[in-house]
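This report describes the fold of one protein chain, part by part. Look over the sequence and the structure before reading on.

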Amino acid sequence: MKKLLTFVGCAAFFCGCNSVSDGNSSSDTGCKYQAAPVAPESAVSDSAAVNSPVRARGLGGSSGGSSESSYFKAGDRQMAYTAGFTLTVKELDKAINEVKALAESLGGYLVSSARGNMQIKIPVAKADEFLAEAGDIGKKSDFRISAEDLTDTITDIEVRLDNLRRLRTRLTELLAQAKNVTETLNIERELNRVTTEIERIDAQLQNNRNRVAFVTFSVAVIEEHGAIPGGTPMAIDRFNFLQRLSSTDLSGTEDEPLFGLDLPEKFVAVTHGARQGNAFTATTSDDCIFRTWEVDVPDDSSLEFWQNVVCRALTTYDDYTNVKCFPATLNGRPAVKITAQVTTARGIQLYMAVISVRSAIGDDELQIVEFFGPNEAFRTHEAAVAACLK
């Protein structure tokens, strides 16, 4: 029994407490790779933020050299860097593959990619090079960087981990000296607890070392035609009806879709109140909206003009991104199909519109078919909406 009391005293001395905080409530649980322990790589202040344009360097530049602007400097502190930027490109899919290939060529890897939003890990020594060479894939903008000093956190974890490992060694020695079943069971129980704690804390240590060894980049890749068309919000305000684009207002004045279209399967019509111009609205039980409406617009205004104005309205009023435009037809007339997306607190929302200009006596009529909703629900009803547009 004296030996058991001795073991309890050792546990109190070595362990101190049963839990260790990694100092990071938002650790990289999504990363399936773990880096080997590395020496401290970089240093800035405890909380650093830089917003500055970066001068791109050609892919033919010397590999591994420092870029003209260095944001990830080496030092004696263990810093966890996060950075991000927007990359405007000509071809989305091609650019995404090029960004992934560039990351891998520098010893990094892709963590996730969803509709042009990429998360990438780059070794800190190659982070400036990745930042510079990404400029040869597309036009960089909205660069941002921040850093968290993990030096004290990592040191604290290493000390506690060392104490626990020495305690495990002592418990193993005590187990070999146990004189009866009770002592054996008590020591084994404590040995199992200490071993589990070692594994947990060691995982925290490796995660923090990984954060120091790799810079986490968030890269938003958008196509050029997704950029905001020229003009100002004040110009759009002259067409007040554009503020209703992509809104979830469920009011309509018509009982059936306009322009001779059929109601998509699983959509239910909703009519309520009055609004400018003719409008039809329908919804599904999983929050998708289908809407057809028309409004008078200035005579002889071109389809290209309205394409640009509608795209700008989406980005100005509703912060849509990845706006894309494709040729289409509506009632046998030339039309434009516009797709976009927005990330909200409820997740990714997808949007589609088909617009066409119909000549009429007096003012022309802008005809619009809209379909939008949550990502998964949008995909579920996309084929039904496409069928009614044929």
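## Surface and overall make-up

What share of the accessible surface of the protein chain belongs to carbon and sulfur atoms? The share is 50%, out of an accessible surface of about 19,400 Å². The model is a predicted one.

The protein chain is built from 8 helices and 13 strands. It has 390 residues, and 46% of them count as buried. Consider the contacts between residues at least 6 apart in sequence: 71% of these join residues at least 24 apart.

## The largest nonpolar core

The largest nonpolar core contains 31 residues. Those with the most contacts inside this core are F72, F85, I120, F130, F217 and V219. Several elements each supply at least two of the core residues: β2 (79-89), α2 (92-105), β4 (117-123), α3, β5 (139-149) and β6. Apart from this core lies another, of 30 residues, and F241, A340, I355 and V357 are among them.

Leaving aside residues up to four places away in sequence, F130 touches F85, V99, L102, A103, L106, I120, I122, F217 and V219.

## Strands around β2

Strand β2 is mostly covered, with 10 of its 11 residues buried. Which strands pair with β2, and in which sense? With β5 the pairing is antiparallel and runs over 9 bridges. With β6 the pairing is parallel and runs over 8 bridges.

A83 has I145 in β5 as its bridge partner, and T88 has I222 in β6 as its bridge partner. In general, the strands of a sheet pair through backbone hydrogen bonds, in either a parallel or an antiparallel way.

## Aromatic pairs

The structure holds 11 aromatic pairs. One of them is formed by F130 and F217, whose ring centres are 4.9 Å apart and whose planes make an angle of 55°, which is a tilted arrangement. F130 is in helix α3 (residues 127-133) and F217 is in strand β6 (residues 214-223), so this pair ties together parts that are 87 residues apart in sequence. Both F130 and F217 are buried.

Ring pairs also link F267, F280, F290, F371 and F378 into a cluster.

## The seven-stranded sheet

An open sheet is formed by 7 strands in the order β7-β8-β9-β13-β12-β11-β10, with antiparallel pairing. The strands at its edges are β7 (268-270) and β10 (321-330), and each of these pairs on one side only. From one strand to the next, the twist averages 20°.

At one end of that order, β10 is joined to strand β11 (residues 333-344) by 8 bridges, and the two run antiparallel. Within this pairing, C325 stands opposite I338 in β11.

## Helices against the sheet

Which strands does helix α7 touch? Helix α7 (residues 303-318) packs on the sheet and touches β9 (289-297), β10, β11, β12 (347-358) and β13 (364-374). The direction of α7 makes about 10° with that of β11.

Helix α8 (residues 375-389) lies across β9, β12 and β13. Relative to β13, helix α8 runs at about 145°.

Conventions
Residues numbered from 1 in each chain as written. Predicted model: local features only at pLDDT ≥ 70, side-chain atom pairs only at ≥ 80, totals over all residues. Heavy atoms only, no water. Phe/Tyr/Trp six-rings, centres within 6.5 Å; stacked < 30°, edge-to-face > 60°. Helix = DSSP H or I, 4+ residues; strand = E, 2+ residues; numbered from the N terminus. Buried < 20%, exposed > 50% of the residue type's maximum accessible area, 1.4 Å probe, protein only. Contact = heavy atoms within 4.5 Å. Areas by Shrake-Rupley, 256 points an atom, 1.4 Å probe, with all protein chains shown as cover. Core = buried A, V, L, I, M, F, W, Y, C linked by side-chain atoms within 4.5 Å. Pairing = 2+ DSSP bridges. Axes fitted to C-alpha atoms, helices over the stretch in contact; angles between N-to-C directions.
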